[in-house]
Amino acid sequence: MLMRFHRSCFLPGTFPQLQRAVVFLSVLFLAFQGHVVVAQDSGGDGYLHETSRKNASKISPYYFGPNAFAIPDIMYKVSPDLLVELTGNAYLGYRGDKTYDVSLRASIPLWTRRANLTLWLPVMEWYRNTQENMAASNIAPKKYGEAKRGHLTGDVYVSIDLQLLEEKKFCPGLTLRAALKTASGGGYDVARYYDSAGYFFDTAVSKRFRLFHPDIYLQAALSGGFLCWQTGTGRQNDAVMCGFLLGFEWKGLRIRETIGGYAGWESSSCVDKELAHDRPLSLKTDVRYSIKNWELIFRYQHGLADYPYNQFQLGLGYHIDILKKRK
């Protein structure tokens, strides 16, 4: 019975294809690990000079721009298609600062519809700062002119997404994701990006339930993982990730409500732990409507803790089944 259950959740010929994806992931991860960029240390008159390992580094989303290390979305299902999304975002900070960006995201299937390579980044962001936010972010006074307004490109994220278990009638879906954050973004001295690498691993269990109508479904997902980023020379912050998603589907309409975040160790271990603010938590409302191969996207995100931003997103997505001929 147990063997039948497992076989029903996997597709024929899946394991060799997943093995290729895992090898590809391992090579990619090692390549990026060898190119880790450590956060800058600009000295006593620069930004966030670390005086002691016992003190909070203040390298966290609370002190930086909204794209520095945003709370990852829950990936409850691997996209079987080539998917491209272009979105515009407005982030309104709780201290009066404003950030606008144009972001790009692409998911590319790898040999099978159960593994893909995903890349995403803010192509360009524009920001306007306030005196209150610059003081709260510990920006050096000599950098206030540069920090008041400007524009720059963001960090590139790369992930391998695997559908370990395909959702069936009595079998939940299980996904695994491994992601790397590069240090391509600038603006460390003006508290925009960390100028250091990071990565995270997470897994999600999900199940789709049919409700009272054959076209109406309820989607639920629970995720957990590990996230890490560099905060200075020889030091990093390790965090536990978690999230819960509840969704509604009706024909081409999908509505997702997600609460999630991650919790770093500095908030519990540093002498001045109340200054760490490394436990961002947010509530996301995601609405999508599909018209053939196109998808209209709207999102609202509200920071609940250590993520002092409200996000408004509008975008357009396009997907195409590039594996159709192989099927």
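Which residues make the nonpolar surface patch of about 920 Å²?

## Nonpolar patch

The patch is made by Val84, Leu86, Leu92, Tyr100, Val102, Leu104, Val123, Trp126, Phe298, Phe312 and Leu314. Patches are made of residues with over 30% relative accessible area and no salt bridge; nonpolar side chains (Val, Leu, Ile, Met, Phe, Trp, Tyr) are joined within 5 Å, and like charges within 9 Å. Accessible areas come from the Shrake-Rupley method with a 1.4 Å probe, and for residues only the protein chains shown count as cover. A salt bridge is a side-chain nitrogen of Lys or Arg within 4 Å of a carboxyl oxygen of Asp or Glu.

At least two residues of the nonpolar patch come from each of β1 (82–93), β2 (98–110), β3 and β13 (309–320). Helices (H or I, at least four residues) and strands (E, at least two) are DSSP runs, numbered from the N terminus. Tyrosine 100 is one of the patch residues and is found in strand β2. Its relative accessible area is 38%, so tyrosine 100 is partly exposed. Buried means under 20% relative accessible area, exposed over 50%, and partly exposed in between (1.4 Å probe, protein chains only).

## About the model

This is a predicted model, in which local features need pLDDT of at least 70 and side-chain atom pairs count only at pLDDT 80 or more, while totals for chains, interfaces and linings use all residues. Residues are numbered from 1 along each chain as its sequence is written, and side-chain values use heavy atoms, with hydrogens and water left out.

## Positive patch

A positive surface patch is formed by Lys98, Arg128, Lys148 and Arg149. The place of a charge is taken as NZ of Lys, CZ of Arg, CG of Asp or CD of Glu.

Lysine 148, one of the patch residues, lies in helix α4 (residues 144–148). With a relative accessible area of 49%, lysine 148 is partly exposed.

## Salt bridges

How many salt bridges does a search of the whole structure find? The search finds 19. In one of them, glutamate 166 pairs with arginine 114, and the closest N and O atoms are 3.6 Å apart. Glutamate 166 lies in the loop between β5 (157–165) and β6 (173–181) and arginine 114 in strand β3 (residues 112–128), so the pair ties together parts that are 52 residues apart in sequence. Both partners are buried: glutamate 166 has a relative accessible area of 9%, and arginine 114 has 1%.

Arginine 192 and glutamate 125 also meet in a salt bridge through their side chains (3.1 Å, N to O). Because arginine 192 lies in the loop between β6 and β7 and glutamate 125 in strand β3, this pair ties together parts that are 67 residues apart in sequence. Arginine 192 is buried at 2% relative accessible area, and glutamate 125 is buried at 1%. Salt bridges also link Asp73, Glu85, Arg254, Lys284, Asp286, Arg288, Glu295 and Arg299 in a network.

## Around glutamate 249

The side chains of glutamate 249 and arginine 256 form a salt bridge (2.8 Å, N to O). Arginine 256 is buried, at 5% relative accessibility, and glutamate 249 is buried, with a relative accessible area of 11%.

Glutamate 249 and aspartate 215 are 34 residues apart in sequence and 7.7 Å apart in space, C-alpha to C-alpha. Aspartate 215 lies in the loop between β7 (198–210) and β8 (216–232). At 31% relative accessibility, aspartate 215 counts as partly exposed.

## Loop residues

Most residues other than glycine have a negative phi. Lysine 58 has a positive phi, near 60°, and its place is in the loop between α2 (14–33) and β1. Alanine 191 also has a positive phi, near 60°. This residue lies in the loop between β6 and β7 and is buried, at 4% relative accessibility.

Alanine 68 is in the loop between α2 and β1 and is buried, with a relative accessible area of 0%. Alanine 68 and aspartate 155 are 87 residues apart in sequence, yet 7.7 Å apart in space, C-alpha to C-alpha.

## Cysteines

A disulfide is a covalent bond between the sulfur atoms of two cysteines. It is counted here as a pair of cysteine sulfur atoms within 2.5 Å, and the count comes to zero. Cysteine 228 is buried at 1% relative accessibility, and cysteine 270 is buried at 6%.

Definitions and conventions. Lys, Arg positive; Asp, Glu negative; His and termini not counted.
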